[in-house]
Amino acid sequence: VIRCRAAVAWAPGKPLSIEEVDVAPPKAGEVRIKLVATGICRTDDHLLQGCFPNTEFPVIPGHEGAGIVESVGEGVTSVKPGDKVIPLCHPQCGECSYCLNPESNYCQKSHFSELQNLLPDKTTRFTCKGKQVHHFLWVSTFAEYTVVPEYAVAKIDAAAPLDKVCLLGCGFSTGYGAAINTAKVKPGSTCAIFGLGGIGLSVVMGCKAAGASRIIAVDINKEKFAKAKELGATDCINPQDFKKPIQEVITEMTGQGVDYSFEAIGLAETVIAALASCNMNTGIFVMAGVTDSGSRISIDPMLLLTGRTWKGTVLGGWKVRDCIPKLVSSYLEKKFNSDLLITHTLPFAEVNEGFELLRAGKSIRSVLLF
């Protein structure tokens, strides 16, 4: 058992509490990781507000991290102590029908099919003050040590800077892949991205990499426009500057709507606006934002009857254990610069300050260092 620091959420709506926790050793098929860095993602805030589906408190949040393998359980062969790894909030078991389908990146071990509040044997490896503490998406990166199933770990290049590539565990990979894999943006096309947080700006980068000729960035926070343009946006618009619905503005700007639209916020109204912003026949809309638990969206079916496509994306369509190491290699080869998304680097003890920056719209990604 290792005793270490962790940020524990004891109840919804309360600040995180830095506690000493006991982390049990890995059982068969499990890996214990010493975290080096972790990003603060909006999904973690959904959890803290009690809006993420099927979670239980107390819980250690965090799902976008990078670290070094400390020890492995019986039967683990893909990683060994000392390896640099990224724990995966979306697993790849390699055995289910989805994993065996080359066109799918879903896995039946995912939180959407199998709750990840406890490890697969339905027990936790975390204890604090004599109480059991739940895992979050199996990864719980807001702890100095965590235990995850082997199929939720990706071994990465030993040269990778962990304080930078931790973003590839969720935010960057989700947004970049939404454009590259899910939408399959074509050269010369037009795109609109709703929401310029870490995921939305990663979509901007993906659209630019795919050769889009016009990239329209949409947000009510004008402070994010300079970063969006730096990353490839050609136009930045604030819905509050117009008296008409923003989908009408985008349709007028492009003549018939964009070829591809993306929603990276998780609000019903922006989902509908983004859907209506792509052209009515061949337009493709990709939903990348996580909506609050229990959300319902009511739409006019005519938006789809004319031919539009509405798609969702899970971690950007990447088969994670196969592709995250390749993305890390691409990062090292400077094929993209996800470092531009990091606006703040903070010591782990300032985790609550990191969330305040996020909620105030003052950060894109804050990275916590242990």
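Which side chain meets that of Lys129 in a salt bridge, and how many Å lie between N and O?

Analyst: The partner of Lys129 is Glu19, and the N to O distance of their salt bridge is 3.3 Å. A salt bridge here is a side-chain nitrogen of Lys or Arg within 4 Å of a carboxyl oxygen of Asp or Glu. Side chains of opposite charge can pair when their charged atoms come close.

A word on the ground rules. This is a predicted model, where local features need pLDDT of at least 70 and side-chain atom pairs count only at pLDDT 80 or more, while totals for chains, interfaces and linings use all residues. Residues are numbered from 1 along each chain as its sequence is written, and side-chain values use heavy atoms, with hydrogens and water left out.

Now the location of your pair. Lys129 sits in the loop between S6 and strand S7 (131–133), and Glu19 is in strand S2 (residues 17–23), so the bridge ties together parts that are 110 residues apart in sequence. Helices (H or I, at least four residues) and strands (E, at least two) are DSSP runs, numbered from the N terminus. The two ends of the bridge have different surroundings. Lys129 counts as exposed, because its relative accessibility is 63%. Glu19 counts as buried, because its value is 11%. The cut-offs are under 20% relative accessible area for buried, over 50% for exposed, and partly exposed in between (1.4 Å probe, protein chains only).

Next, strand S6 itself. Phe126 belongs to strand S6, which covers residues 126–128. Phe126 counts as buried because its relative accessibility is 0%. What does Phe126 touch, leaving aside neighbours within four places in sequence? Its contacts include Asp22, Val23, Ile60, Lys131, Gln132 and Val133. Also among them are His134, His135, Ser140, Ala143, Tyr145 and Thr146. Contact means heavy atoms within 4.5 Å.

His111 lies in the loop between helix H2 (97–100) and S6. His111 counts as buried, because its relative accessibility is 6%. A polar atom of the His111 side chain lies 3.0 Å from the backbone oxygen of Pro53. Beyond neighbours within four places in sequence, His111 is in contact with Phe52, Pro53, Asn54, Gln116, Asn117 and Leu137.

Back to charged pairs. The structure holds 19 salt bridges. One links Glu64 with Arg365, whose closest N and O atoms are 2.8 Å apart. This pair joins distant parts of the chain: Glu64 is in the loop between H1 and strand S4 (65–72), Arg365 is in strand S17 (residues 365–369), and they are 301 residues apart. Glu64 and Arg365 are both buried.

Arg42 and Asp45 also form a salt bridge, at 3.7 Å from N to O. They are separated by about one helical turn, because they are three residues apart in helix H1. An α-helix has 3.6 residues a turn, so residues three or four places apart point the same way. Arg42 is partly exposed, because its relative accessibility is 37%. Asp45 is buried, at 8%. Salt bridges can also form a network, as they do among Lys27, Glu30, Asp121 and Arg125.

Finally, the wider setting. The chain is divided into domain 1 (2–172 + 317–369) and domain 2 (183–312). These bounds come from an automatic or database domain assignment. Each domain gives 16 residues to the contact between them. The C-alpha centres of domain 1 and domain 2 lie 28 Å apart. Which kind of pairing crosses the interface? The rule finds zero salt bridges between domain 1 and domain 2. Instead, it finds four residue pairs in polar contact, both residues at pLDDT 80 or more. A polar contact is a pair of N or O atoms within 3.5 Å; within protein, one must be able to donate a hydrogen and the other to accept it, and residues adjacent in sequence count only if both atoms are side-chain atoms. On the side of domain 1 that touches domain 2, helix H1 (42–48) and helix H4 (171–183) are the elements that give two or more residues.
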